[in-house]
Amino acid sequence: MARTSAVHARRDWSRWPRARWALLTTGARRDRGMSTAEYAVGTIAACAFAALLFKVVTSSDVQQMITALINRALNVAG
């Protein structure tokens, strides 16, 4: 017999978070964190992104846009 009542559906739904958490935390072959190689790749990627962002922000076009934005904000406020 299929359980179609609202009470049964609500009870099954309330079990879902606990069951999901159990699957996520007690997997048989779950990695417990990143390996050293993954940290190295992540660090290199973060440094490359920081260098790219620095290059963009220090370009003359972007500096002019930022200066114009600040001047416009100061003129509106004061």
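## Fold and confidence

Helix 1 covers residues 6-25, helix 2 runs over 36-57, and helix 3 takes in 60-77.

The mean pLDDT of the protein chain is 80, with 71% of its residues at 70 or more. Among the elements, the highest mean pLDDT, 93, belongs to helix 2, whereas helix 1 has the lowest, 69. Where pLDDT is low, the predicted coordinates should not be read in detail.

## Exposure of the chain

Of the 78 residues in the protein chain, 0% count as buried. The accessible surface of the chain amounts to about 7500 Å², and carbon and sulfur atoms account for 66% of that surface.

## The nonpolar patch

Which residues form a nonpolar patch on the surface? The patch is made up of F49, L52, L53, V56, V57, I66, I70 and L74, which together have about 750 Å² of accessible area. Helix 2 and helix 3 are the elements that each give two or more residues to this patch, and the largest share, 5 residues, comes from helix 2.

V56, one of the patch residues, is found in helix 2.

## Q63 and its contacts

Q63 lies in helix 3, and its relative accessible area of 42% is why Q63 is counted as partly exposed. When its neighbours within four places in sequence are left aside, Q63 is in contact with V57 and T58. Of these two partners, V57 also belongs to the nonpolar patch.

Note on methods: Residues are numbered from 1 along each chain as its sequence is written. This is a predicted model: local features need pLDDT of at least 70, side-chain atom pairs count only at pLDDT 80 or more; totals for chains, interfaces and linings use all residues. Side-chain values use heavy atoms; hydrogens and water are left out. Patches are made of residues with over 30% relative accessible area and no salt bridge: like charges are joined within 9 Å, nonpolar side chains (Val, Leu, Ile, Met, Phe, Trp, Tyr) within 5 Å. Accessible areas come from the Shrake-Rupley method with a 1.4 Å probe; for residues, only the protein chains shown count as cover. A salt bridge is a side-chain nitrogen of Lys or Arg within 4 Å of a carboxyl oxygen of Asp or Glu. Helices (H or I, at least four residues) and strands (E, at least two) are DSSP runs, numbered from the N terminus. Buried means under 20% relative accessible area, exposed over 50%, partly exposed in between (1.4 Å probe, protein chains only). pLDDT is the predictor's confidence in each residue, from 0 to 100. Contact means heavy atoms within 4.5 Å.
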